[in-house]
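Let's take a walk through the aromatic pairs and the nonpolar cores of this protein chain. Have the structure open while you read.

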Amino acid sequence: MAPHGAPPAALLLLCALHIALAAAGPPPPAPPPPDERLLRGLLARYRPGVRPAAPGPGGRVLVRVGLELAQLVSLSWRDPRLQWDPRAHGGVGVLRVPAEHLWLPDVGLENNNDGEFGVSLGVRAVITPDGSVRWRPPALYRSRCPIRVSHFPFDWQNCSLVFRSGSYGPEELGLRLAGGDTPGGGAQAALPADFQENGQWELCHRSGRHHAGPSHEDVTFYLVIRRKPLFYIVNVLVPCVLITLLAVVVFYLPPDAGEKMTLSLFALLTLTVFLLLLADKVPATSLAVPLIGRYLTGTLVLLTLCVILSVGVLNLHHRSPATHTMPPWARRLLLQRLPPLLGLRCPPAESPPDPPAPRGHPPAPGTSISCGGRCPVPPPCPPCSCRAPPRPLSCERRRPPSASSPGTCGSSSSTRSCRRSGTSWRWPWTGFSFGLSWC
């Protein structure tokens with residue numbers, strides 16, 4: 001039995017174990033994965049601000065520029081400082097490195113319209129063992145494009161995207177099209193599998209071309225888009241054509257209907273509203289007048305003439321011989337000149353109806369007798385009515401005799417009288433006719 005006050009054996013063993021563990025130190029850390037060791041080794045002496053020139057004097061970096069119509073621009077180049085042997089690093093074949101740790105070519109959109117030259121998302125760059133770097137940052141580009149509205153809404157636009165380096169010249173950084181190895185060659189912008197066309201524009205052409213000069217080098221993509229005119233045909237052109245036809249129908253509406261001016265003004269105001277709505281759809285430019293704008297303006301002028309002619313027709317219709325007299329020039333124009341030009345044909349003249357004989361007076365000598373067996377005048381008139389010989393229409397002012405003579409049918413009057421005359425024409429094969437009357 002241990003003497004009083006001595007520590008037990010278990011406590012001594014526990015203290016000895018603690019001292020041994022403290023002397024041994026912490027356990028060694030697990031070795032890092034091969035790609036982490038490779039990344040640390042590549043970036044240990046890497047400087048992002050230094051251009052990755054090829055070995056030897058005068059070497060330049062060749063950057064391939066590609067465009068994919070999904071808010072993506074593709075840049076690929078080769079950096080000799082990022083090469084490695086996959087067999088010495090555990091078979092690592094691809095590295096994905098944050099773009100801020102690498103040298104990036106300052107290739108941007110030259111004809112930028114909003115002043116934003118950055119990318120929308122800082123994606124990682126993909127590096128392969130031979131030092132090739134591929135970077136596909138998404139970006140939304142707004143370029144300056146000349147707008148041609150001469151044939152609106154049947155127009156097409158050519159929007160060019162010019163990519164150029166802002167810091168390096170052609171002897172330091174060369175540009176090539178992705179898919180085109182020769183200088184000055186061409187290629188097409190790529191379309192993703194899930195690409196959806198716009199409801200207003202149709203992509204007709206998407207080619208790219210490399211341009212090189214003694215002091216500059218750029219890659220230009222030409223995007224030709226054509227407007228889809230179905231919306232404007234259904235909502236603008238067809239209603240305007242129908243309104244124009246409605247204005248033509250105004251001339252077939254009788255003046256006595258009372259709605260001739262109402263229909264003309266309705267068509268004019270409706271077309272004016274369409275013209276105001278179209279002003280919000282057409283780009284505001286004074287370089288050219290759109291085709292649809294010229295059509296609507298011409299139609300507006302025709303409708304204005306329709307209103308003016310309707311006013312003139314109503315003014316002439318409500319004139320009467322008691323208020324107006326036809327001038328000689330109007331008679332020559334309307335009765336002699338215009339009918340042959342308009343193809344009007346005068347119908348055969350008809351005899352006017354016989355005026356009834358005055359009661360108490362015998363028929364004039366030489367008149368024919370025809371009444372059907374009933375005499376309208378009392379004796380000594382023959383047992384039949386008198387019928388005067390037919391007289392042609394004429395327009396004259398005459399002073400009637402002061403007193404009626406025996407044997408004639410007339411009445412005495414001391415004032416001037418006016419007899420109304422007229423004529424009519426009709427179009428062959430149409431059934432339409434019109435007439436003029438005057439005093």
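How many helices and strands are there in the chain? There are six helices and 17 strands, taken as DSSP runs (H or I of at least four residues for helices, E of at least two for strands) and numbered from the N terminus.

A quick word on ground rules: this is a predicted model, where local features need pLDDT of at least 70, side-chain atom pairs count only at pLDDT 80 or more, and totals for chains, interfaces and linings use all residues. Residues are numbered from 1 along each chain as its sequence is written, and side-chain values use heavy atoms, with hydrogens and water left out.

Of the 439 residues in the chain, 28% are buried (under 20% relative accessible area, with a 1.4 Å probe and protein chains only).

**Aromatic pairs**

Searching the whole structure turns up five aromatic pairs. Rings of Phe, Tyr and Trp (its six-membered ring) pair if their centres lie within 6.5 Å; planes under 30 degrees apart are stacked, over 60 edge-to-face, and the rest tilted. Here are two of the pairs:

| Pair | Centre to centre | Angle between planes | Type |
|---|---|---|---|
| Phe152 and Tyr232 | 5.0 Å | 70 degrees | edge-to-face |
| Phe163 and Phe221 | 6.0 Å | 80 degrees | edge-to-face |

Phe152 sits in the loop between strand E6 (132-135) and strand E7 (156-165), while Tyr232 belongs to helix H3 (residues 230-249), so this pair links distant parts of the chain, 80 residues apart. Both Phe152 and Tyr232 are buried.

Elsewhere, ring pairs join Trp77, Trp103 and Tyr168 into a cluster.

**Nonpolar cores**

A nonpolar core here is a set of buried Ala, Val, Leu, Ile, Met, Phe, Trp, Tyr and Cys residues joined through side-chain atoms within 4.5 Å. Which residues have the most contacts inside the largest one? They are Val65 and Phe221, in a core of 35 residues. Strand E1 (residues 61-68) gives the most to this core, with four residues.

Leaving aside neighbours within four places in sequence, Val65 is in contact (heavy atoms within 4.5 Å) with residues including Val73, Leu75, Val107, Phe163, Leu177 and Phe221. Apart from this core lies another, of 19 residues, among them Tyr232, Cys240, Phe274 and Ile292.

Methods
Buried means under 20% relative accessible area, exposed over 50%, partly exposed in between (1.4 Å probe, protein chains only).
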